[in-house]
Amino acid sequence: MYTEQVMDHFTNPRNVGEIKDANGVGEVGNMKCGDIMRIYLKVNEDEVIEDIKFRTFGCAAAIATSSKITEMVKGKSISDALKVTNKQVAEELGGLPAPKMHCSNLAADALKKAIENYQANRAKQR
Amino acid sequence: MRKVYLDHAATTRLNEEVLKEMLPYLTEHFGNPSSIHSYGRKARAAIEEARERVATALGAAAEEIIFTSGATEANNLTIRGIARALREKGNHIITSAVEHHAVYDTCLALQKEGFDVTILPVDEYGMVSVNAVADAITDKTILVSIMLANNEVGTIMPIAEIGKLCRERGIPFHTDAVQAIGNIPVNVDNLNVDLLSLSAHKFYGPKGVGALYLRKGTRLSVYHHGGAQERKLRPGTENVAGIVGLGKAIELAVKDLEPKANRIRALRDKLQEGLLAIEHTKLNGHPEQRLPGNLNVSILYVEGESLILSLDLKGIACSSGSACTSGSLDPSHVLMAMGLDHQTAHGSLRFSLGVDNTEEDIDYVLKVMPDIVARLRSMSPVYQGGSK
Ligand SMILES: Cc1ncc(COP(=O)(O)O)c(C=O)c1O
């Protein structure tokens, strides 16, 4: 039911964990539907994502999309990262089973929240 | 890689002896049981022999057995058939919150059609209380349907007592015995039931065939229309090979039931002990009144589908009540009815053991499980190291 890419990211997820001195953190999902994704960002002076990590509670699709997005945006500017959509993440994984498109395909939303959190932190510092 | 099948509540492997009895009825004895010639008579005789076997296994009379395509059909036939037959007498139906969808959803459908349906709650172990049934019965009650053993958590209901109550009030009583056959004794008189559903593939028989036990004198309306087969209650040319398989499978299932169940229970208990030794785990279902092969545990801080896939990669097959595996956005209605919170329900795993499982199977699961749990927890945002 899952593509090879999804299984690869599920079994060997990239960038799992926390960033202790993260300057942006975003979380989406809730326990009711059974998916929670948290993304940690380390954005540098040039607004480039220097490091990104995630923690996810959820099914294989939730874990794989989280892992995939970290791979997609690491080293990218935050403006480029913001352009990534949930749909693109799913496409990069060779697609997701239809029911998973809604409930477990939230990685771009988590990333967006993390970037917004970074921007809010920055604004406070100024 | 080692393969370990621990999903016998979903389905079982066809027994070789059963297959052997079925095969001639797919080839040389292909006749239509309704035909008068020798081909037909051969098939008819096989069906009647299977009917005897099912009846004997249940302590019933042969004419009380109606073959169906499985328990789903038997359950629908019961609920719709009784509802229609007794509509004049009343419109109240009692069932429980932990029934299989084949009962649960059929009752909900009747509710939409104007029937008054009481869905009894269960306790934290998934148990229906006899008193709750007694309190729910009214003058308008025309059917009570409570499963014998739950398919997710294995809880065994007080069916004999509920049956006694219904009998005293003259209300037809149905039980879905799908998960019980071959695991615990099932006798229609001891259980005081008027209708009982079963499905062959849950006890090493073929898929797509089952039966409804219908106590003599119990009224049931025709639901499908067609030929005169199965007393017109289940018209259509019979699944001869399947019915033959059901007959053989149930005969084998009830043979040496106790030693088989004891062996499976011992393995289950070992698995249970080993899994509950993992931190932050919880048993779901009744600690004692439970099917011998059932073990449903919640592994906190991780999600069931991830667990199943991880186990599958190690060759282990089991199931979960998490939303991701229920095909809907909600976790299992059974676990929710037992009052589990969402996280505990999402992290549930059901292992169901069968006759072919060995001690080595259990050792293997217990060997691979801790690493799988640790890996998924290390990814989980809701897990804070060792602390709850
Ligand atoms: C308790 C219970 N009832 C009914 C059914 C339906 O059986 P079948 O799919 O063979 O019709 C099942 C099978 O999952 C079950 O476990």
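**View 1. Which elements line the largest pocket of this predicted model?** Chain B brings helix 3, helix 10 (323-326), helix 11 (333-337) and strand 12 (348-352), each giving at least two residues to the lining. Helices here are DSSP runs of H or I with at least four residues and strands are runs of E with at least two, numbered from the N terminus. A pocket is an open set of points on a 1 Å grid over the protein atoms alone, with protein on both sides within 12 Å along at least five of seven lines, and lining residues have an atom within 4 Å of a point. Local features need pLDDT of at least 70 and side-chain atom pairs pLDDT 80 or more, while totals for chains, interfaces and linings take in all residues. Residues are numbered from 1 along each chain as written, chains are lettered from A and ligands numbered from 1 in the order written, and side-chain values use heavy atoms, without hydrogens or water.

**View 2. The middle of the largest pocket.** Its volume is about 680 Å³, taken as the space filled by probe spheres set on grid points joined across faces, edges and corners. Of the 35 lining residues, His100(B), His101(B), Asn151(B), Glu152(B) and His333(B) are the closest to the centre. By class, the lining holds eight nonpolar, 21 polar and six charged residues.

**View 3. The ligand in its pocket.** The ligand sits in the largest pocket, meaning more than half of its atoms lie within 2 Å of the pocket's grid points. Around the ligand are 13 residues, each with a heavy atom within 4 Å of it. Helix 3 (residues 71-85) of chain B gives the most to this shell, three residues.

**View 4. Polar contacts of the ligand.** These are pairs of N or O atoms within 3.5 Å. Asp176(B) puts a polar side-chain atom 2.6 Å from a ligand nitrogen. On the oxygen side, a polar side-chain atom of Gln179(B) lies 2.8 Å from a ligand oxygen, and a side-chain N or O atom of Lys202(B) is 2.7 Å from a ligand oxygen.

**View 5. The largest cavity.** About 40 Å³ of space lies inside, where a 1.4 Å probe fits but cannot get out. Residues from both chains line this cavity, including Phe57(A), Ile63(A), Tyr301(B) and Leu376(B).

Terms used:
Polar contact = N/O pair within 3.5 Å; in protein donor to acceptor, adjacent residues only side chain to side chain. Nonpolar A, V, L, I, M, F, W, Y, C, P; charged D, E, K, R; others polar.
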